[in-house]
Amino acid sequence: MDALLSALFIFVMRVADMTLDTLRVLFMMRGRKLTAGVIGFAQAAIFVIAISRVISQLSNPLNIVGYAGGFAAGVMLGMVLEERMALGFGQMRIISSTKGQAIANALRAGGYAVTEMSGRGKDGAVNVLLITVRRKEVDHAQELVRGVDESAFITIEEVRPIWRGFYRA
């Protein structure tokens, strides 16, 4: 029973460690130094506790399974949490061959700033629309676009706004 409890303890510690690691890397990529540093401190402390338990009890193969399983589960949990938190901004590029102006009007009515450009696609002229939205609002903006033009081509890139501009409140 002690061997199983030890492995479970290591599993839980690794889930916490890797969840924090995933979030720390994402905060680092977004330039949030203090948050990343605080998370890194907690993550390192948890890692030391987990790895010392594994090393001090190498005769228990369940510890290694708990360590590896916790690593995998922690990465997945960290990704799920990050998706739910949806921090940051996305740059949406919307391409429509026939309804660009109507899409722009719907997005503006929804409170989004839209930059319109003309382009040429495979089959001729197209409207290219650019909007920068908070990641939590991407689904709403997509719904507005699809409500006007179900066949619009939409891509989304994660961006870090540097200065100024309009963001929906």
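**Figure 1. Contacts of I131 in the predicted model.** In this predicted model, I131 touches G90, Q91, M92, I94, L107, A113, V114 and A141, when residues up to four places away in sequence are left out of the count. I131 also belongs to the largest nonpolar core, which has 15 residues, and together with I94 and L107 it touches the most other members of that core. Two or more residues of this core come from each of the elements β1 (89-96), α4 (100-109), β3 (124-134) and α5 (138-148). In soluble globular proteins, nonpolar side chains tend to be buried together.

**Figure 2. The crossing of helices α1 and α3.** Helix α1, made of residues 2-29, and helix α3, made of residues 61-85, have axes that come within 6 Å and cross at roughly 35 degrees. The contact of α1 with α3 contains 19 nonpolar, nine polar and two charged residues. The crossing of these two helices, α1 and α3, is right-handed.

**Figure 3. The salt bridge between R135 and E82.** The side chains of R135 and E82 meet in a salt bridge, with a distance of 2.5 Å from N to O. Because R135 lies in the loop between β3 and α5 while E82 lies in helix α3, the pair ties together parts that are 53 residues apart in sequence. R135 counts as partly exposed, with a relative accessibility of 22%, whereas E82, at 10%, counts as buried. Both residues also take part in a network of salt bridges that links R30, E82, R135 and E158.

**Figure 4. The salt bridge between E157 and R93.** E157 forms a salt bridge with R93, and the closest N and O atoms of the pair are 3.1 Å apart. E157 lies in strand β4 (residues 153-159) and R93 in strand β1, so this pair ties together parts that are 64 residues apart in sequence. E157 is partly exposed, with a relative accessible area of 36%, and R93 likewise counts as partly exposed, at 32% relative accessibility.

**Figure 5. The salt bridge between K122 and D123.** Side chains of opposite charge can pair when their charged atoms come close. Here the side chains of K122 and D123 meet in a salt bridge, at 3.3 Å from N to O. K122 counts as exposed, because its relative accessibility of 77% is over 50%, and D123, with a relative accessibility of 70%, counts as exposed as well. The structure as a whole holds eight salt bridges, including the one between K122 and D123.

Technical notes:
Residues numbered from 1 in each chain as written. Predicted model: local features only at pLDDT ≥ 70, side-chain atom pairs only at ≥ 80, totals over all residues. Heavy atoms only, no water. Core = buried A, V, L, I, M, F, W, Y, C linked by side-chain atoms within 4.5 Å. Buried < 20%, exposed > 50% of the residue type's maximum accessible area, 1.4 Å probe, protein only. Helix = DSSP H or I, 4+ residues; strand = E, 2+ residues; numbered from the N terminus. Contact = heavy atoms within 4.5 Å. Axes fitted to C-alpha atoms, helices over the stretch in contact; angles between N-to-C directions. Left-handed = near helix turned anticlockwise from the far one by under 90°. Nonpolar A, V, L, I, M, F, W, Y, C, P; charged D, E, K, R; others polar. Salt bridge = Lys/Arg side-chain N within 4 Å of Asp/Glu carboxyl O.
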